[in-house]
2 protein chains.
Amino acid sequence: MEDSSRIAGPRMRADARRNQGRILAAAREVFAEHGIDAPMATVARRAGVGVATLYRRFPTRDALVRAAFAHQMQTCARALTEALTDPDPWRGFQRLFETVCELQREERGFPAAFVAAFPDSTAGHAQARERTERDLTTLVRRAQAAGALRADFHPSDLVVALLSHCGLVTALPHDSAASRRLVAYLLQSFRAEAAHRPLPPPSALSLRDVPIAADGSQRQRSSRA
Amino acid sequence: MEDSSRIAGPRMRADARRNQGRILAAAREVFAEHGIDAPMATVARRAGVGVATLYRRFPTRDALVRAAFAHQMQTCARALTEALTDPDPWRGFQRLFETVCELQREERGFPAAFVAAFPDSTAGHAQARERTERDLTTLVRRAQAAGALRADFHPSDLVVALLSHCGLVTALPHDSAASRRLVAYLLQSFRAEAAHRPLPPPSALSLRDVPIAADGSQRQRSSRA
DNA sequence: ATGTAAGCGGACGATGCCGTCCACATAGAA
DNA sequence: TTCTATGTGGACGGCATCGTCCGCTTACAT
């Protein structure tokens with residue numbers, strides 16, 4: 001599989017490059033307002049280009065979605081790296097979680113993209129994904145070794161927490177207080193001293209089999225845009 | 001606003017009543033498989049009736065969705081009543097939460113319906129809704145008075161928790177372990193003894209303004225069924 | 001200044017779903 | 001058995017979106 005969108009290379013006409021930028025900006029706006037299912041034509045119109053241009057640059061909707069939120073994805077990746085280098089393991093863990101949730105909260109449309117892009121992403125390549133998986137595990141183990149994160153915490157719990165937060169901000173896009181509350185509750189229950197009782201067994205979820213493109217649907221609401 | 005679907009009354013032809021049943025069963029199946037956005041025609045076909053019959057009985061998709069999951073909604077309502085009468089306030093609280101989450105986990109399609117129907121539902125009338133709201137608050141206060149539920153817990157937190165759980169089971173429809181884990185984490189963080197640190201302010205969410213039908217969209221995934 | 005390859009835009013046919021309309025069927029009363 | 005109100009099915013017109021095709025435009029190398 002090649003890179004989803006033709007990346008702005010050196011051999012690209014200036015106007016083409018400009019349009020690519022406009023398209024991505026428009027996509028972010030439109031996806032934020034109408035969800036990632038918004039008509040492609042809407043994005044094109046907002047960008048001030050024709051549909052053909054849009055399709056030439058981003059052959060599929062997924063490619064567009066992924067490109068539009070690539071920056072946020074990178075921010076997530078960077079946050080993970082930073083978390084690993086934090087001298088205080090718990091603070092690293094906490095910050096990662098809070099940063100990702102904040103991103104989901106503030107960039108509307110991103111949560112949907114986050115969930116949608118999960119299977120093959122956090123950059124696109126299985127290699128990057130495995131790295132992410134490994135780093136997450138390291139982050140968890142470190143925080144546990146420091147006695148801050150409860151011993152029965154499983155790396156997949158982090159994904160579970162992030163996905164449920166996605167769901168919340170999707171259902172209540174304007175209620176950042178709700179999001180903050182959930183984050184606070186979850187973080188508290190992840191602390192070692194909160195481990196009063198045993199937990200049920202963790203999800204078998206190896207980050208790799210999150211929400212396959214298959215099965216499709218399972219939409220959140222029934223109303224149309 | 002009248003009742004969404006013509007209820008099976010005494011003056012209904014036997015075949016009509018039979019068809020109504022088949023439609024509801026088909027709707028549950030189809031919604032579970034393809035999400036609540038599945039084409040109406042699919043439901044009709046599966047039920048072995050014509051589209052016209054479907055539309056006559058359920059003029060809008062929402063009416064169908066609500067009727068299809070009315071039973072689950074009633075189970076929720078009943079669980080709330082039972083929770084209030086439980087001699088152990090915390091156990092009542094815990095059971096309510098677990099029961100609703102179990103329902104969301106097991107009846108695929110129900111989470112979406114749950115979120116979608118929230119604004120005007122838990123029966124349909126504002127009256128019933130207010131009653132629900134009041135009962136929830138009572139449940140929370142009782143559990144707090146018993147010293148089991150943390151004092152800074154706000155009734156809206158229950159909605160926040162349920163909505164995030166909805167999001168999780170929507171993203172991972174087959175992973176009940178993940179759902180159970182989330183429920184366990186949340187319940188632990190709701191306990192009074194977990195209140196190590198203060199929480200951010202609660203959501204202004206008065207159950208009434210949950211996920212308005214307006215705005216629309218904000219779908220979870222981009223792929224089509 | 002000029003030629004041309006890269007880029008552009010919008011019209012267009014295809015597809016899929018919606019919701020109605022109407023000619024036909026039948027349950028059940030008389 | 002007969003009659004009719006109630007119920008039925010599927011065809012059909014309408015609409016939105018998809019993604020492609022092709023003739024025109026323009027950046028930029030020479």
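Take the contacts in chain A between residues at least 6 apart in sequence: 70% of them join residues at least 24 apart. The model is predicted. Chain A has 10 helices and zero strands. Read along the sequence, its pattern is α-α-α-α-α-α-α-α-α-α. Chain A holds 225 residues, and 56% of them are buried.

One stretch of chain A carries an annotation. UniProt, in an unreviewed entry, lists residues 39-58 of chain A as "DNA-binding region". In the model this span is 75% helix and 0% strand. Its end C-alpha atoms lie 14 Å apart.

DNA strand C is surrounded by 23 residues. The closest are A:Arg13, A:Asn19, A:Gly50, A:Ala52 and A:Thr53. Of the atoms of DNA strand C that come within 4 Å of the protein, 63% belong to sugar and phosphate. Which elements supply at least two residues each of the surface near DNA strand C? They are H1 and H3 of chain A, together with H1 and H3 of chain B. H3(A) gives the largest share, five residues. By type, the residues of this surface near DNA strand C divide into 10 nonpolar, four polar and nine charged.

Individual atom pairs give the detail. A polar side-chain atom of A:Thr53 sits 2.8 Å from a phosphate oxygen of DNA strand C. An N or O atom in the side chain of B:Arg61 is 3.0 Å from a phosphate oxygen of DNA strand C. For the side chain of B:Tyr55, the corresponding distance from an N or O atom to a phosphate oxygen of DNA strand C is 3.4 Å.

Sugar or phosphate accounts for 64% of the atoms of DNA strand D within 4 Å of the protein, and bases for the rest. An N or O atom in the side chain of B:Asn19 is 2.4 Å from a phosphate oxygen of DNA strand D. A polar backbone atom of B:Gly50 is 2.9 Å from a phosphate oxygen of DNA strand D. Chain A takes part through A:Ala14, where a backbone N or O atom lies 2.9 Å from a phosphate oxygen of DNA strand D. The elements that give two or more residues to the surface near DNA strand D are helix H1 (14-34) and helix H3 (51-57) of chain A, with helix H1 (14-34) and helix H3 (51-57) of chain B. Here the largest share, five residues, comes from H3(B). The surface near DNA strand D divides into 10 nonpolar, four polar and nine charged residues.

Leave the DNA and look inside the protein. In soluble globular proteins, nonpolar side chains tend to be buried together. The largest nonpolar core in this model has 130 residues. The members that touch the most others are A:Leu64, A:Phe93, A:Phe190, B:Leu64, B:Phe93 and B:Phe190. Consider B:Leu64. Setting aside neighbours within four places in sequence, B:Leu64 is in contact with B:Ile23, B:Leu24, B:Ala27, B:Phe31, B:Met40, B:Val43, B:Leu54 and B:Phe58.

A whole helix can be covered too. Helix H7 (residues 110-117) of chain B has eight of its eight residues buried. Among them are B:Phe110, B:Phe114 and B:Val115. What covers these buried residues includes helix H9 (155-171) of chain A. From chain B, the cover includes helices H4 (61-68), H5 (70-85), H6 (89-106) and H9 (155-171).

Why does B:Arg181 count as buried? Its relative accessibility is 3%, and the cut-off for buried is under 20%. B:Arg181 lies in helix H10 of chain B. Its side chain reaches the backbone oxygen of A:Pro200 at 3.0 Å and that of A:Asp152 at 3.3 Å. Beyond neighbours within four places in sequence, the contacts of B:Arg181 include A:Phe153, A:His154, A:Asp157 and A:Leu199.

B:Arg191 sits in the segment after helix H10 (176-190) of chain B. B:Arg191 counts as buried because its relative accessibility is 17%. Not counting residues up to four places away in sequence, B:Arg191 touches B:Trp90, B:Ala148 and B:Arg150.

Note on methods. Residues numbered from 1 in each chain as written. Chains lettered and ligands numbered in written order. Predicted model: local features only at pLDDT ≥ 70, side-chain atom pairs only at ≥ 80, totals over all residues. Heavy atoms only, no water. Near = heavy atom within 4 Å. Polar contact = N/O pair within 3.5 Å; in protein donor to acceptor, adjacent residues only side chain to side chain. Helix = DSSP H or I, 4+ residues; strand = E, 2+ residues; numbered from the N terminus. Nonpolar A, V, L, I, M, F, W, Y, C, P; charged D, E, K, R; others polar. Core = buried A, V, L, I, M, F, W, Y, C linked by side-chain atoms within 4.5 Å. Buried < 20%, exposed > 50% of the residue type's maximum accessible area, 1.4 Å probe, protein only. Contact = heavy atoms within 4.5 Å. UniProt positions renumbered as here; feature names shortened; annotations may be inferred.
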